[in-house]
Amino acid sequence: MKLFNGANIVLSEIPVLGVQLFREKIISQCQEGARLVNFFGHEEVDGGVRLFAFLGWDEDSEITVFSTRILADHPQYESLTKDLIQAHWFEREVAEQWAIIPEGHPWLKPLRYHANYRGKADIWPDVSSRPIPGSYSFYAVESPEVHEVGVGPVHAGIIEPGHFRFQCHGEEVMHLEIQLGYQHRGLELLMRGRDFKRSALLSEAIAGDTAVGHSIAHCEVVESLSGCVIPPKAQAIRAVALELERLSNHVGDLGAMSADVGFLPTSAYFGRMRGDYLNLLLALTGNRFGKGLCRPGGVLFDVDSQMAEEFCRKLKGYKKEFEDVSNLLFTKPSVLARFEGVGAISMENAKKIGLVGPAGRACRLERDVRIDYSSGFWQFSHIPISLAATGDVFGRALVRRQEVVRSLEFLLRILSSLPQGGIFVKPPALKPDSLALSLVEGWRGEIMHVGITDENGGFARYKIKDPSFHNWFGLSLAMRGQEISDFPLCNKSFNLSYCGHDL
Amino acid sequence: MLPSRYRGRPMIAGQGSPLDLGQITFAPDDGIQYSNDFRLSAAKRRDLVLKNNETVLACALNDQMRQLFGRSLKLRQVSAGGCNACEADLNVLNTVVFDLSRFGIQFVASPRHADGMIVTGPIVRNMREALLKTYEAMPEPKIVIASGACAISGGLFAESPEASKGLETIVPVDLYIPGCPPHPLTILDGLLRLLGRIKR
């Protein structure tokens, strides 16, 4: 069954395959050029679990969806990961959420350390009763010459919690295992039900630095299921907010990367300039992170011609400033020496593990939801894709630099020709027993929300995927063979979300 | 200074039901009228519950604590289930715009170096132990700050079995900074009041 971004479908129309065929079809489609954009379970009335696979065909702007049933009395299936590495994290998530064993999974550990969703015996008996990492060991290299470094969960700066375990030979990192889950809030379960006012607020707190991206994805799921078509001006305002969010984060990241190579002038400049974009979001939405703007049916704040002109005037100044400061950063040999060749991932490996967003585009992976699966305002106004070929810290910095300039050009264009008309329409009730999906290119990459309704049109299942879910493994891979002192720089160059991953 | 759409201290009309600044998320569609006043912090949990438009802002620590910390306060930050918005706007205090260290306040890399901790997020189950260990590792006397709706009351996550109902259910709290997230000015105002540097 082929779907486009923002589509909905009656659940019973999604094909149900035998477990073995389901597995083979995922693997063969990925060999033919698709990638696994989502893979999750949903409990059925008979106590079994229906597994859904979503495969993205980026060039065709289509997503194929099919499913299988894992029976209540046989909670296992043959793992995909041994043949398809990009399924690694997804299968661990399914195992933890539904107590289903992917047999033969090479590294079956909990992701978030919580009890499963259906009250069965957990695969890991003490998963929710003992602090992370519980009774489960880390990957270790055994040799009298190898030492282990453990960092976290609480870090040195103002950073979310996570645990990093390095296997080192001298300064060289042989392996890094990242254990997350400390931020787990039980979000997917809270999103269930019919209180869409509440789910909109929750969607803004999935990852606060991506409040706009996640709330757009959520709104689009509700709008799809209710058949609500929002006014063009609301779509344009959402696009403005999403690009402002991208700008603030990309500019902030360039500043953080400057700080980690000890180049303080651009660290200070970018740090201040990041605030300029947050303050534009504040002027637009009353909140520096854009919380409160997007609601199912449109947006709550309008942009009149005076505000649009004011924004354009400011953005033109910010663009000049950005170009000057990034020239300062990207022309310094001492900076380039620290950016180039550090934390490189090959295009082949990036593809294998399923990297998305700027980290993927830095490996020349042409993946950008705004282009591949354009919805909303991006159907009418385009942003060119920004790519780098080196896959290293430099590549990730360069992609951000390009994307900042292109987002600014995009904003100047749409703010000077905003559509006329209203900004909100009240969405009708949601279709029962249906599934809707939405993809949004957040600043970290591909966000995907999937909502499944019950017979009353409330959410029976709500699946959230932050791009970090794909990319954390990329950070591990990038650290192989690197000096451990380059970890902070590599980490900043990815700047992944802990809470977006932990949910 | 702040734009007109900024949502600060709520305005209470007439004899409405009490409003808990520690629970609300300052959303534009929650039926509350907001003013432009960014001063929100309180030293006592009950002072966050507004019954009318009277304002009880945070007061300074006692003399002994002020003598110790008034000119130099080192804080350890613990994110315990936060969405990273609170964390991001704490980080902003270190930029050239706010330049927090000019007030003698710094975020430090170890609880052993800290005079207190500032906590964000609803203190989820998986962070409870790390939070307690951080608290215990700080030398006495120590102060504790809850920043943001989640840390104060559990916020949007209060109903989740994974979250707590606020930091005060785990350790004693000296300063509450409401918001979702609090504006950097709100945080700075709260910290300076705690140290007796702002009294108005």
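How many salt bridges does the rule find across the interface of chain B and chain A?

## Where chain B meets chain A

In this predicted model, the rule finds three salt bridges across the interface of chain B and chain A. One salt bridge joins the side chains of B:Glu159 and A:Arg198, with a distance of 3.7 Å from N to O. On the chain B side, strand 5 (73-79), helix 2 (85-91) and helix 3 (125-137) each supply at least two of the residues that touch chain A. By class, the residues of chain B that touch chain A comprise 26 nonpolar, 13 polar and 10 charged.

The size of an interface is often given as the accessible area lost when the parts come together. For chain B and chain A, the area buried between them is about 3,900 Å², and 59% of it lies on carbon and sulfur atoms. Of the area that chain B buries against chain A, 18% is supplied by B:Arg5, B:Asn126 and B:Leu156, which is more than any other three residues supply. The contact as a whole draws 49 residues from chain B and 51 residues from chain A.

## Two domains within chain A

Chain A is itself divided into domain 1, which covers residues 1-125, and domain 2, which covers residues 187-467. The centres of these two domains, taken over C-alpha atoms, are separated by 27 Å. Their contact takes 31 residues from domain 1 of chain A and 30 residues from domain 2 of chain A. Between them, domain 1 and domain 2 of chain A bury about 2,600 Å², with 57% of this area on carbon and sulfur atoms. A:Asn5, A:Asn8 and A:Arg35 supply 24% of the area that domain 1 buries against domain 2, more than any other three residues.

Across the interface of the two domains the rule finds two salt bridges, and A:Glu93 forms a salt bridge with A:Lys463 in which the closest N and O atoms are 3.1 Å apart. The rule also finds 21 residue pairs in polar contact across the interface of domain 1 and domain 2 of chain A, with both residues at pLDDT 80 or more. Several elements of chain A give two or more residues to the side of domain 1 that touches domain 2, including strand 2 (8-10), strand 5 (49-57) and helix 2 (88-98). Strand 4 of chain A gives the most to this side, with six residues. Sorted by class, the side of domain 1 that touches domain 2 has 17 nonpolar, 10 polar and four charged residues.

## Salt bridges that link parts of chain A

Over all chains, the structure holds 44 salt bridges. In one of them, the side chains of A:Arg69 and A:Glu44 meet at 2.4 Å from N to O. Because A:Arg69 lies in strand 6 of chain A and A:Glu44 in the loop between strand 4 and strand 5, this pair ties together parts that are 25 residues apart in sequence. A:Arg69 is partly exposed, with a relative accessible area of 37%, whereas A:Glu44, with a relative accessible area of 18%, is buried.

Another salt bridge brings together the side chains of A:Lys109 and A:Glu177, at 2.8 Å from N to O. A:Lys109 lies in the loop between strand 8 (101-103) and strand 9 (146-151) of chain A, while A:Glu177 lies in strand 11 (residues 172-179), so the pair ties together parts that are 68 residues apart in sequence. A:Lys109 counts as buried at 0% relative accessibility, and A:Glu177 counts as buried at 6%.

## A network of charged residues

A:Arg370 and A:Glu243 form a salt bridge in which the closest N and O atoms are 3.2 Å apart. This pair links distant parts of the chain, since A:Arg370 is in helix 12 (residues 369-372) and A:Glu243 is in helix 6 (residues 232-260), 127 residues apart. Both A:Arg370 and A:Glu243 are buried. These two residues also belong to a network of salt bridges that links A:Glu243, A:Arg246, A:Arg361, A:Asp368, A:Arg370, A:Glu403 and A:Glu441.

## An enclosed helix

Helix 15 of chain A (residues 487-494) is largely enclosed by the rest of the structure, because six of its eight residues are buried. Among the buried residues of helix 15 are A:Phe487, A:Leu489, A:Cys490 and A:Phe494. Just after helix 15, A:Asn495 takes a positive phi of about 40°.

Terms used. Residues numbered from 1 in each chain as written. Chains lettered and ligands numbered in written order. Predicted model: local features only at pLDDT ≥ 70, side-chain atom pairs only at ≥ 80, totals over all residues. Heavy atoms only, no water. Contact = heavy atoms within 4.5 Å. Buried area = accessible area lost by both parts, 1.4 Å probe. Salt bridge = Lys/Arg side-chain N within 4 Å of Asp/Glu carboxyl O. Helix = DSSP H or I, 4+ residues; strand = E, 2+ residues; numbered from the N terminus. Nonpolar A, V, L, I, M, F, W, Y, C, P; charged D, E, K, R; others polar. Domains from an automatic or database assignment. Polar contact = N/O pair within 3.5 Å; in protein donor to acceptor, adjacent residues only side chain to side chain. Buried < 20%, exposed > 50% of the residue type's maximum accessible area, 1.4 Å probe, protein only.
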